[in-house]
Amino acid sequence: MLHLVGKGNKPATMPLTVPVLRVLESCRGQRTTGPLILRPLSGKPVDRRDVYRMVIRIARAAAIPRHISPHSLRHAAITNALDAGVPLRDAQILARHADPRTTEHYDRARGNLDRHGVHFLTAYVAGV
């Protein structure tokens with residue numbers, strides 16, 4: 001589990017997948033206190049500008065032709081979760097949105113009638 005302070009100084013707890021945990025443990029090294037991710041040369045904690053620059057540098061190295069920012073990655077994570085069938089409520093928790101309508105804006109398939117709730121409801125009631 002990762003305990004963090006998010007936007008608006010709101011505390012949050014997120015589960016970590018094994019690949020992410022391994023990367024974070026590598027960043028942490030032998031340290032048991034203090035900031036998790038440090039700048040390699042100065043040893044100071046990374047800030048939002050550092051993260052922004054890292055994302056831009058990685059996008060350029062990957063030859064991605066459009067502008068990519070940390071928010072682009074956040075948007076992609078929420079959109080992909082919804083595309084993968086993650087329920088809106090769970091995607092809302094992932095995004096730490098207070099209102100589900102904010103999360104709905106990321107759902108590219110919200111007009112797709114093949115995923116309409118009536119299909120799931122009918123299958124549930126029919127015991128399928």
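Mentor: Start with Arg49, which counts as exposed at 56% relative accessibility. Exposed means over 50% relative accessible area, buried means under 20%, and partly exposed is what lies in between (1.4 Å probe, protein chains only).

Two points on the model before we go on. It is predicted, so local features need pLDDT of at least 70 and side-chain atom pairs count only at pLDDT 80 or more, while totals for chains, interfaces and linings use all residues. Residues are numbered from 1 along each chain as its sequence is written, and side-chain values use heavy atoms, with hydrogens and water left out.

Now the partner. Arg49 forms a salt bridge with Asp47, with the closest N and O atoms 3.0 Å apart. A salt bridge here is a side-chain nitrogen of Lys or Arg within 4 Å of a carboxyl oxygen of Asp or Glu. Asp47 is partly exposed, with a relative accessible area of 24%. The structure holds five salt bridges.

Move on to Asp50. This residue is buried, at a relative accessible area of 9%. One of its partners is Arg39, and the closest N and O atoms of that pair are 2.8 Å apart. Helices (H or I, at least four residues) and strands (E, at least two) are DSSP runs, numbered from the N terminus. Arg39 is partly exposed, with a relative accessible area of 28%.

Asp50 also forms a salt bridge with Arg53, where the closest N and O atoms are 2.7 Å apart. Both residues sit in helix α2, three residues apart, about one turn of the helix. Here is the geometry behind that spacing: an α-helix has 3.6 residues a turn, so residues three or four places apart point the same way. Arg53 counts as partly exposed, at 44% relative accessibility.

Gly43 is in the loop between α1 and α2. Gly43 is partly exposed, at 38% relative accessibility. The C-alpha atoms of Gly43 and Thr103 are 36 Å apart, and the two residues are separated by 60 residues along the chain.

The loop between α2 and α3 holds His67. His67 touches Tyr52, Ile56 and Ser72, leaving aside residues up to four places away in sequence. Contact means heavy atoms within 4.5 Å. From His67 to Ile56 is eleven residues in sequence and 7.6 Å in space, C-alpha to C-alpha.

For contrast, take helix α4. Its buried residues are Ala91, Gln92 and Ala95, in a helix that covers residues 88-95. Seen down the axis of α4, these buried residues fall within an arc of 105°, so they line one face of the helix. That arc is taken from the directions from the helix axis to the C-beta atoms. The buried residues of α4 pack against α3 (70-83) and α5 (100-104). Arg89 and Ile93 are exposed on the other side of α4. Asp90 is also in helix α4. Asp90 is partly exposed, with a relative accessible area of 39%. After α4 comes Arg96, whose phi is positive, near 60°.

Strand β1 (residues 2-5) runs antiparallel to strand β2 (residues 11-14), and four bridges join them. Two strands pair if DSSP finds at least two bridges between them. Leu4 has Ala12 as its bridge partner in β2. Five residues lie between the strands of this hairpin, where Gly8 takes a positive phi near 75°.
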